[in-house]
Amino acid sequence: MPSLCPYCAVGCGYYLVVERGKAMGVEYMKGHPACEGALCPKGNAVLEILNNGDRLEYPLKRDGDEFVRISWEEALDLAARGLAGSAQDHGPESLGFLASSRCNNEENYLMQKLARLLGSPNVDNCARLCHSPTVVGLGAVLGTGAMTNNLGDLKNSSCIFAIGTNFAEAHPVVSRWVEKAKESGAKVIVADPRITSTSWMADLHLRINPGSDIDLLRGMMKVIVDEELADERFIEERTEGFEILAASLRGYSLAKASEMTGVPAEEIAQAARIYARSPASSLLYSMGITQHICGTDNVKTCATLALVAGQMGRPGAGVWPMRGQNNVQGNCDMGGMAEFYPGYRRASDPKSIDFFKAAWEAEDLPLGPGLTATEMTEAALEGKIKAMYIIGEDPVTCDANINKTKAALDNLDFLVVQEIFMTATARMADLVLPAAAWAEKDGSYTSMERRVQWIDQAVPPVGEAKEGLWVINEIGKRMGLDLKGESADQVLKEINRNVPQYGGMTRERISKVGGLLWPCPDEGHPGTEILHQERFSTPSSRANIASADNRPPAEETSPEYPILLSTGRIVVHYNSGSMTRRSPSLLDRDPELYVEINPEDAARLLICEGDMVKVETVRGEAEARARVTKRVKPGMVFMPFHWQATNIITSDALDPIAKIPEYKMAACRISVKP
């Protein structure tokens, strides 16, 4: 049976070998356009998750500190009563909903529809914690908050500039396309404070100081403008705002950029010249760009660099945000965000309300924006959010400063969690609903390259687990709502009607290997491989060049906390680790939390390789195994975020626009554990 990898957003396809109703093996899908049959370590180990003995099989109700098995009928009634009771006693805005970037488009569409028909504008998803600056930042500059080109188009790039992304570990299959470009003579530039698997591929590694991304990008633009490497025709014909940027660059110097980034001026200039002179340059970024209090400005500046050099709207030229979860793009497309109804219709626009009132035959719908995931935490602490329905998200592991998240969830009157495993968040719930995994249900998923693909159910759900669509529908019925979501096929047809980008994406068309890339407005449309070839998706059809100065992090080092902590992904684990840390072959590779520390700092602190150390910030402490390595610069340490302990100590300071926490910058101290 054709299937899709449930991990990152590359959207790799493979075949499940099914015997007597059970998945027994994986075969490679060599004809898949994104992966060409390749799978990363996580993809190769998917059966260890699908067939895992820890899967949730029955509805569970809290009984003191324990859980007791209950029937689906009792569970659905309890879920409906808990949500309805809060809405009745405290108003619908007391309800919070977290949709899931691990669930399919149809489930997420129905989830946000349930929330809004109940009168709550408070619906969000984990994109808030990883790529919300992409949605609002690229949206502001280009008109569309998504990857501009497809992944295979990287082979057409003559220059690949990766900033704030370790794609070789986080999205390993992407490396195949970069290697193909290199074989054709492409230059690879990597900007990253750490030495990584991605920087090993680089012709030029700009080892910038953490948090100095805008300084680097502005330094490159300074060189491009001063040396007349800017694409003046492109700027004049297809953009607005260049004069403001040019004026701001006149007061900026390459020497200043070098001082702020720690990168020699000649290397910044070299990078700028390679990028601007290349016939086709791609810019790749990920959470090293987004997870800052200036994350939105970082994204806007990345897009602006591409515009100034005219590296947009052509094969091999564009901006590639490297997104995290298998359906994070689709979840945002479906309206699983506080700022947007489906199709990125602004929740604050009365016209959006009118459109969906007609589409859903609703008397009224809430005007937004609602509370984001991070704002829901604050509202729960303050007693304003009283009940939450969380699907496939684990904020008790993934949120920054998770002690605050725990306190917030503990303060709720009612919490229902729908999951495939008993996660840290599920353990705090009043009601746990067992969900079908990806191969146990029908539905579509949208990868980070806007590729929409359909998979059919390959095996039945374990135990009494149910597909999310059925669960949401049944809860809706008990609350007096007809969500019209009896099947994924039925919901997809509604998506076709109400989400313009998906207008022509019928089940038959997207069931074919590789599916289609949105926008695909009608059934005669072939899908869109490259965005912005003739116009941008802004009201003026022109891109909006941005001009932003860098801002210091919310938390800077001090004599008490003298070391900078940064976090990120590693190749064998995924997000909260709720899946990969249950995969024996993956866990065997990296079984415990570790911290990378430079040899100079280790010597000064009397820390040796393999020591168990204590990493402390103002929010708390975490224990980790020391790895003494020059991969990190002196004065900084790195911890993977796939273990709960990491996010006890990360900073929850927010970007004021995207409301994303500043995971990448926290002041810490480190010592050998007694």
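## Enclosed spaces

User: Which helix gives the largest share of the lining of the largest cavity?

Analyst: Helix 18 does, with four residues. A helix here is a DSSP run of H or I with at least four residues, a strand is a run of E with at least two, and both are numbered from the N terminus. The model is predicted, so that local features need pLDDT of at least 70 and side-chain atom pairs 80 or more, while totals for chains, interfaces and linings use all residues. Residues are numbered from 1 along each chain as its sequence is written, and side-chain values use heavy atoms, without hydrogens and water.

User: What makes a space a cavity rather than a pocket?

Analyst: On a 1 Å grid over the protein atoms alone, a cavity is a set of points where a 1.4 Å probe fits but cannot get out, whereas a pocket is an open set with protein on both sides within 12 Å along at least five of seven lines; lining residues have an atom within 4 Å of a point. Seven cavities of 30 Å³ or more are found in the whole structure. The largest cavity holds about 460 Å³, a volume being the space filled by probe spheres set on grid points joined across faces, edges and corners. Of the 34 residues lining the largest cavity, Cys126, Leu129, Glu393, Cys398 and Asp399 lie nearest its centre.

User: How many residues line the second largest cavity, and which lie nearest its centre?

Analyst: There are 25, with Gly164, Asp192, Gly288, Thr567 and Lys664 nearest the centre. The second largest cavity contains about 380 Å³ of space. Strand 23 gives the most to this lining, with three residues.

## Open pockets

User: What is the volume of the largest pocket?

Analyst: About 710 Å³ of space lies in it. Its lining has 28 residues, and Gly143, Thr144, Gly145, Tyr344 and Ser537 are the closest to its centre. Helix 6 (residues 132–142) contributes the most, with four residues.

User: What classes of residue line the second largest pocket?

Analyst: Five are nonpolar, one is polar and eight are charged. Ala, Val, Leu, Ile, Met, Phe, Trp, Tyr, Cys and Pro count as nonpolar, Asp, Glu, Lys and Arg as charged, and the others, Gly among them, as polar. The volume of the second largest pocket is about 220 Å³. Among its 14 lining residues, Lys113, Trp360, Glu361, Asp482 and Lys484 are the closest to the centre. Helix 22 supplies the most to the lining of the second largest pocket, with three residues.

## A helix and a hairpin

User: Why is helix 15 called largely enclosed?

Analyst: Buried means under 20% relative accessible area (exposed is over 50%, partly exposed in between; 1.4 Å probe, protein chains only). Since 14 of the 14 residues of helix 15 are buried, the rest of the structure largely encloses this helix.

User: What makes strand 2 and strand 3 a pair?

Analyst: Pairing requires that DSSP find at least two bridges between two strands. Strand 2 (residues 13–19) and strand 3 (residues 22–28) run antiparallel and are joined by six bridges, so they meet the definition of a pair. Val17 has Gly25 of strand 3 as its bridge partner. Two residues lie between the strands of this hairpin, where Arg20 takes a positive phi near 50 degrees.
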